[in-house]
Amino acid sequence: MSMQDVFDAIQSGGSGDDLANLAIPESYRAALVKREEQEMWEGVDSHEKDPRKSLHIEEVPVPELAPDEALVAVMASSINFNTVWTSIFEPLPTFMFLDRLGKESRWGARHALPYHVVGSDGAGVVLRTGDAVRSWHSGDKVTIHCNYIDDQDPSSHDDSMLAANQRIWGFESNFGGLAELTVVKANQLMPKPAHLSWEEAACNALCNSTSYRMLVSPNGAGMTQGQAVLIWGASGGIGGYACQYVLNGGGTPVGVVSSPEKAALLNEMGVEHVIDRKAEGYQFWADEHTQDEAEWRRLGKKIRELIGRDPEIVFEHPGRQTMGASVFVAARGGLIMTCAATSGYNIEYDNRHLWMKLKSIKSSHFANYREAWEANRLIAEGRIQPVLSQVFPLDQTGEAAYNVHHNLHEGKMGVLCLAPEEGLGIDDRDFREQVGEGTITLFRRHGL
Ligand SMILES: NC(=O)c1ccc[n+]([C@@H]2O[C@H](COP(=O)([O-])OP(=O)(O)OC[C@H]3O[C@@H](n4cnc5c(N)ncnc54)[C@H](OP(=O)(O)O)[C@@H]3O)[C@@H](O)[C@H]2O)c1
């Protein structure tokens, strides 16, 4: 039995029973980094660390399935920034996460391996479920969210993102989604939107759920109608979904991008107010140690020119390069919602602008199951669109990650795992037509 046989059985519409009776191959192809290479970039500048050299595609053994887990044939996955971090071993090699998980239990011990299969997104078909799984069965078509929690831990039973040992699948756990198979907890599964192809369905869960929590959920900004939101990286992964949430929620997005092409993409999406940060030439840091308040003011003035006021919410993730400006430009009483620090995590801002104008900074990290489920439902209802712009085969995962590392992309980079070509997996063509091919594929047309 090979992974090709598994694909053929799925593609030929095999029933759940057929798939349940299918023998599972002993190994599968996966994108991974190697423990023995975790020092390979020592002394190399971040920018020069090349994911194409550290991400390998190799055959690995299929792990044993725990009672609360599902074995999923991954048809497609996507690149997230965390795979870039893993592949450049920054800020720390992820093997330390695997070793920590390895100490937790017999099942945790499976993860502490000489290799780390990466990837925190996926769409595919359930092949097997553990004995304790109730709601999912062989043959179910699913998307996978990346909140990996221990549901026997009491701290995971309010907002599960507050769980003491909350992890991100494929980043802080092994057996990630950039592979032909994955092993996930059953509580990571969600129904695959029927009108989308495998790669369109696979690119959403991580970024879409993150933006949902940051903007829509009461755990985040709880955005209300009419609010203005400054969105950094507005045509990127989380930014592309953030724009949609603000538009859907009756708010006014002000998108920041770095090229006229990206600005045009946002306009086509319905974002009227766009700032090209490159064309404007903002230099928020005068030198490595000093920020330039005049540049913050210039950005604030630009936003006022566009929308006539200051944004109530700033969707912040670039971190060190932009945080000073974000705190400055937020409206009196406004909220800076942060989930990342791509350009550096030692943040500086002028606290006077925060407290004197009663602003707040709030943090967010991925999403709990309920939030991820709601965000997935909005995709399934055609209210939020995938922001897939390019698609790569599994053996070019490194190339795809390189593009994200060097900001050469828009939206999301998809990766075909078992699916041999784009466009497979669409089950509900009528609904697809209703949502609109052009609407669904806006980013893909730009990425061609
Ligand atoms: N905590 C979480 O749960 C979570 C979830 C998802 C992502 N993240 C993090 O969020 C960040 C963004 O993720 P993503 O998937 O959206 O990445 P992405 O697709 O690379 O998009 C990020 C965008 O930010 C903009 N940007 C990059 N550096 C910047 C800088 N110095 N100043 C201003 N803008 C800059 C770029 O847009 P322009 O060049 O067009 O301006 C880029 O397209 C990453 O650090 C990621 O790890 C966190």
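Biologist: Which residues of helix H8 are buried, and why is this helix called largely enclosed by the rest of the structure?

Modeller: The buried residues in H8 are Ala 205, Leu 206, Cys 207, Asn 208, Ser 209, Thr 210, Ser 211, Tyr 212, Arg 213, Met 214 and Leu 215, where buried means under 20% relative accessible area, exposed means over 50%, and partly exposed lies in between (1.4 Å probe, protein chains only). With eleven of the eleven residues of H8 (residues 205–215) buried, the helix is therefore largely enclosed by the rest of the structure. This is a predicted model, in which local features need pLDDT of at least 70 and side-chain atom pairs count only at pLDDT 80 or more, while totals for chains, interfaces and linings use all residues. Residues are numbered from 1 along each chain as its sequence is written, and side-chain values use heavy atoms, with hydrogens and water left out.

Biologist: What is the peptide bond from Glu 90 to Pro 91, and what is the value of phi at Phe 89?

Modeller: The bond from Glu 90 to Pro 91 is cis, with omega near -15°, and Pro 91 lies in the loop between H4 and H5. Phe 89, in the loop between H4 and H5 as well, has a positive phi of about 55° although it is not a glycine.

Biologist: Are Phe 89 and Leu 92 buried, partly exposed or exposed, and what makes you say so?

Modeller: Phe 89 has a relative accessible area of 7%, so it is buried. Leu 92 lies in the loop between H4 and helix H5 (95–102), and its relative accessible area is 44%, so it is partly exposed.

Biologist: Why is Leu 358 called exposed, and what is its phi?

Modeller: Leu 358 has 58% relative accessibility, and so counts as exposed. Its place is in the loop between helix H14 (351–355) and strand S18 (360–363), and its phi is near 50°, a positive value in a residue other than glycine.

Biologist: What makes Val 62 partly exposed, and which residues does it touch?

Modeller: At 21% relative accessibility, Val 62 counts as partly exposed. This residue of the loop between strand S2 (56–61) and strand S3 (69–78) touches Ile 24, Pro 25, Glu 26, Ser 27, Tyr 28, Leu 71 and Leu 181, not counting residues up to four places away in sequence.

Biologist: Which residues touch the most other members of the largest nonpolar core?

Modeller: They are Tyr 28 and Leu 189, in a core of 95 residues. A nonpolar core is a set of buried Ala, Val, Leu, Ile, Met, Phe, Trp, Tyr and Cys residues joined through side-chain atoms within 4.5 Å. Apart from this core lies another, of 22 residues, among them Ala 228, Tyr 282, Ile 303 and Leu 354.

Biologist: How do you know that the whole chain is as compact as a globular protein of its length?

Modeller: The chain has 19 helices and 20 strands. Its radius of gyration is 21 Å, close to the 22 Å that the globule rule gives for 448 residues, so the chain is as compact as a globular protein of that length; the radius is taken over C-alpha atoms, and the rule is 2.2 Å times the number of residues to the power 0.38. Of the 448 residues, 59% count as buried, and residues 24 or more positions apart account for 74% of the contacts with a separation of 6 or more.

Conventions: Helices (H or I, at least four residues) and strands (E, at least two) are DSSP runs, numbered from the N terminus. Contact means heavy atoms within 4.5 Å.
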